[in-house]
Amino acid sequence: MSLDILNVTKIFGPARGGILSRDEGFRALDDVNLHVPKGSSFGLVGESGSGKTTLTRCILRLENLTRGRVLYEGTDIHGLTPRDLRRLRARLQIVFQDPYASLNPRMTIHDIVAEPLLIHRDLFRLSARQRSERVLELLEQVGLRSEHLFRYPHEFSGGQRQRIGIARALASRPDFLILDEPTSALDVSVQADVLNLLHRLQQELGLTYFFISHDLGVIRYICDEVAVIYRGKLVEQGPVAEIFDRPRSDYTRMLLAAMPDPDPDKSPFRQSPTV
Ligand SMILES: Nc1ncnc2c1ncn2[C@@H]1O[C@H](COP(=O)(O)OP(=O)(O)OP(=O)(O)O)[C@@H](O)[C@H]1O
Ligand SMILES: [Mg+2]
């Protein structure tokens, strides 16, 4: 489903001084405009602290906007009633960077993946048995098995935990996934497997991705469009091939120059086994 970010500005603070202070606070996002077309895989790239996570939090209404609007299929997310916001969150899910911090250590994998089905039980009227069947189906979709069902997060590797995070995100049958650095906490070899999985799921389920990374190699592998953010401002956006071949901004050129090997055929993601 399409997402439009219109003139979004987010200012944190000011820390003290209030209205008498000249300090307006910290401008984490400055007049950001983006259109994420339905079915696309849209990348957002920028260095640490550039405002990527702040933007996802603004999209999901985990932060209020200072200015601007966020439209999902034309509906203003920040104008929804709490009930409609909850319904929308079933369709618009997020996979977090850190699979260690984002899974509750005291819950079994079954309960972690089933939780969204309980949160949205008005949308998914399932018996306990049907819910467990759905959890198993989700685990299989991400390459895990029934023997994993009643284990706890600490019994899994980083890559497996991220698969659990993905299964959980898919539970409510979303059509849009925000992926905030989903592979950057993982070992490089595991990264490739998880990226291949995400690529396959997008094809199979017809998902739209908003994919955040500071790694241009990852963006090139998974995305068809990309926007570059620097200190809260978008510096350029367009089709991946165009931005990689003819970057317009000095900042993008610098990012590209810092890439280990700009040849996509030599990317490790091309050579990894499919999952
Ligand atoms: N709640 C907050 N209050 C004040 N400043 C904040 C808050 N949240 C984020 N910031 C600041 O906003 C800026 C952008 O942070 P953000 O987390 O969006 O960056 P990022 O691009 O996701 O970085 P990374 O790649 O490290 O995840 C940072 O300077 C951060 O310190
Ligand atoms: Mg971040």
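**Figure 1. Buried residues of helix H2 in the predicted model.** In this predicted model, helix H2 spans residues 82–91, and its buried residues are Leu 85, Leu 88 and Ala 90. The cover over these buried residues includes strand S4 (67–72) and strand S6 (92–95). As background, an α-helix has 3.6 residues a turn, so residues three or four places apart point the same way.

**Figure 2. Polar contacts of ligand 1.** A polar side-chain atom of Lys 52 lies 2.7 Å from an oxygen atom of the ligand. For Thr 53, an N or O atom of the side chain is 2.9 Å from a ligand oxygen atom. Gly 51 takes part through its backbone, where a polar atom is 3.0 Å from an oxygen atom of ligand 1. On its own, ligand 1 has 630 Å² of accessible area, and the protein covers 59% of it.

**Figure 3. The shell of residues around ligand 1.** The residues surrounding ligand 1 include Phe 12, Phe 26, Ala 28, Glu 47 and Glu 181, as well as Lys 52, Thr 53 and Thr 54. By class, the shell consists of three nonpolar, six polar and three charged residues. Helix H1 makes the largest contribution to this shell, with three residues.

**Figure 4. Strand S9 and its two partners.** Strand S9 (residues 225–230) pairs with strand S3 (residues 41–45) in the parallel sense, over four bridges. Within this pairing, Phe 42 has Glu 225 of S9 as its bridge partner. With strand S10 (residues 233–239), S9 pairs in the antiparallel sense over six bridges. Here Val 226 stands opposite Gly 238 of S10. The hairpin of S9 and S10 has two residues between the strands, and Arg 231 takes a positive phi near 50°. In general, strands of a sheet pair through backbone hydrogen bonds, either parallel or antiparallel.

**Figure 5. An open sheet of four strands.** The strands of this sheet follow the order S2-S1-S4-S5, and their pairing is antiparallel. Strands S2 and S5 (75–76) stand at the edges; each has a single partner strand, so one side of each is left without a neighbour in the sheet. Strand S1 (residues 3–12) is joined to S4 by five bridges, and the two run antiparallel.

Terms used
Residues numbered from 1 in each chain as written. Chains lettered and ligands numbered in written order. Predicted model: local features only at pLDDT ≥ 70, side-chain atom pairs only at ≥ 80, totals over all residues. Heavy atoms only, no water. Buried < 20%, exposed > 50% of the residue type's maximum accessible area, 1.4 Å probe, protein only. Contact = heavy atoms within 4.5 Å. Near = heavy atom within 4 Å. Polar contact = N/O pair within 3.5 Å; in protein donor to acceptor, adjacent residues only side chain to side chain. Areas by Shrake-Rupley, 256 points an atom, 1.4 Å probe, with all protein chains shown as cover. Nonpolar A, V, L, I, M, F, W, Y, C, P; charged D, E, K, R; others polar. Pairing = 2+ DSSP bridges.
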